[in-house]
Amino acid sequence: MRLTSLRLGALALGLALTVTTSPTRPAGAANEPYVIGASVSESGTGSSLGRPEADSMQMAVDEINKAGGVNGHPLQITILDDESSATTAVNNVRKLLDQHPIALLGPSLTQTSLAVIPLATQAQIPMISFASSAQIIQPIGDRKWIFKMPITDFHTAQTIQLFMKKKGLTKVAVIYRNDDYGKTGVSHFKDAGARFGFEVVDTEPIAATATDATTQLTHIKAASPQAIVVWTTLPSAAVIIKSYRELSMSLPIFYSDGAATGVFLQQAGPALNGAYIASTKINVPDTLAANDPQRKVLDHYIASFVQLYPKDAPVSIFGGFGYDGVYVLAQALKDAKSTDPNKLRDAIEHVTYTGVTGTFRMSSGDHNGLSTFSTLVTQVENGKFTVAK
């Protein structure tokens with residue numbers, strides 16, 4: 001029997017579970033599938049993250065199964081849409097846990113991930129989040145079962161700050177998405193004052209679904225910063241650059257990696273030229289040396305994604321999280337040679353894996369395993385990402 005993943009919206013949950021749930025046999029039995037559950041934001045405000053994540057998880061599962069599976073077992077993944085809602089994410093995970101998965105992948109967002117962490121912890125099942133905030137895996141004593149693929153927002157902030165410091169841009173204003181993701185971005189710049197000499201002269205919240213940022217940017221303009229930092233994702237990322245141009249602002253503008261998607265460049269058009277965006281290497285693969293350990297996997301991932309999922313192209317850092325999440329889990333399964341939750345958790349905690357996002361070196365003290373070397377500052381030139389200088 002060919003095993004494929006199921007990608008289902010909230011309205012289809014009842015039917016999906018009727019179809020996919022069956023008496024669970026031990027995953028160690030010959031040829032029995034390793035069952036994985038996933039919940040990501042395929043719709044709602046986080047859809048620019050969740051769609052490529054779902055596509056990329058599917059792609060990774062198909063690749064692994066085509067190569068013979070893991071330890072002789074195919075992977076079977078059920079991917080549910082949490083609609084960018086914490087409530088729906090919780091309901092999804094409860095449904096998925098009824099299927100007795102070996103691990104959970106996702107959710108996409110900080111707020112949805114934080115909402116489901118107690119469920120994964122109580123069930124004592126490994127969870128690999130695709131959210132940015134360091135809160136997902138810290139404090140480590142409370143996050144025994146939780147791992148994550150994106151570089152932490154702390155490292156992203158540090159990468160931006162080091163670049164800005166070299167440019168002499170230390171007096172900043174921050175416009176941030178009004179949720180946990182945005183608020184942590186603000187706190188990183190405020191905390192950087194003592195370490196790097198940054199002064200945050202204004203902070204302006206913006207709703208994820210906002211259609212205009214004129215008020216926020218007018219306040220920022222009055223505060224006379226040297227640069228603007230934007231900590232958000234689509235769609236508000238595009239709203240901000242539109243208002244920025246309408247107000248004829250010329251201050252350097254820096255976006256967090258939440259905006260590091262080619263879809264943003266397509267939506268914003270020429271208005272985004274000159275803007276800085278924190279990113280992993282996925283957006284500048286041609287700048288990598290041929291012997292860079294990421295070059296081969298990036299070339300393969302980018303070509304495969306564009307071919308298989310043209311509707312969600314171009315590639316983004318977010319799809320890389322989904323792809324790497326499946327492969328990190330597969331590597332841990334190989335190392336553990338078991339689906340026992342404790343053995344699998346321990347194996348994830350010691351994975352070393354080079355993927356789309358970077359080289360992960362997990363440890364008991366770091367459930368992410370990336371560093372500032374995994375991210376860089378890009379600048380948009382003629383509608384393309386370039387390495388900022």
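Because the model is predicted, local features need pLDDT of at least 70 and side-chain atom pairs count only at pLDDT 80 or more, while totals for chains, interfaces and linings use all residues.

Let us begin with helix H5, which covers residues 153-166. The names used here come from DSSP runs: helices (H or I, at least four residues) and strands (E, at least two) are numbered from the N terminus. H5 has 14 residues and reaches 20 Å from its first C-alpha to its last, close to the 20 Å expected at 1.5 Å a residue. That expected span is 1.5 Å times one less than the number of residues in the helix.

Is H5 mostly covered or mostly open? It is mostly covered, with ten of its 14 residues buried. Here buried means under 20% relative accessible area, exposed means over 50%, and partly exposed lies in between (1.4 Å probe, protein chains only). Among the buried residues of H5 are Asp-153, His-155, Phe-163 and Met-164. The buried residues of this helix pack against several elements, including strand E7 (171-177), helix H6 (180-196) and strand E14 (376-381); contact here means heavy atoms within 4.5 Å.

Now follow the chain out of the helix. Just after H5, Gly-168 takes a positive phi of about 75°. Leu-169 then sits in the loop between H5 and E7. Is Leu-169 buried or exposed? Leu-169 is buried, with a relative accessible area of 14%. Leaving aside residues up to four places away in sequence, Leu-169 touches Met-164, Phe-198, Gln-226, Ala-227, Pro-252 and Phe-254. Take Ala-227 as an example: it is 58 residues from Leu-169 along the chain, yet their C-alpha atoms are separated by 6.3 Å.

The next stop is strand E7, which is mostly covered too, as six of its seven residues are buried. Which strands pair with E7? Two strands pair if DSSP finds at least two bridges between them. Seven bridges join E7 to strand E8 (residues 199-206), and these strands run parallel. Across this pairing, Lys-171 stands opposite Glu-199 in E8. E7 also pairs with E9 in the parallel sense, over five bridges, and Ala-173 has Ile-228 in E9 as its bridge partner. Together, E7, H6 and E8 make a right-handed β-α-β unit. Right-handed means that, with the strands pointing away from the viewer, the path from the first strand over the helix to the second runs clockwise.

After H8 comes Ser-248, whose phi is positive, near 55°.

Finally, what about the empty spaces? Rolling a probe the size of a water molecule over the atoms shows where empty space is left. On a 1 Å grid over the protein atoms alone, a cavity is a set of points where a 1.4 Å probe fits but cannot get out, whereas a pocket is an open set with protein on both sides within 12 Å along at least five of seven lines; lining residues have an atom within 4 Å of a point. Grid points are joined across faces, edges and corners, and a volume is the space filled by probe spheres set on the points.

The second largest pocket has a volume of about 220 Å³. H5 returns here, giving the most to the lining of this pocket with four residues. Among the lining residues are Thr-159, Phe-163, Leu-376 and Val-377. As for cavities, a search of the whole structure finds two of 30 Å³ or more. The largest cavity holds about 120 Å³ of space and is lined by 16 residues, with Leu-49, Ser-108, Ser-132, Tyr-181 and Phe-318 lying nearest its centre.

Notes. Residues are numbered from 1 along each chain as its sequence is written. Side-chain values use heavy atoms; hydrogens and water are left out.
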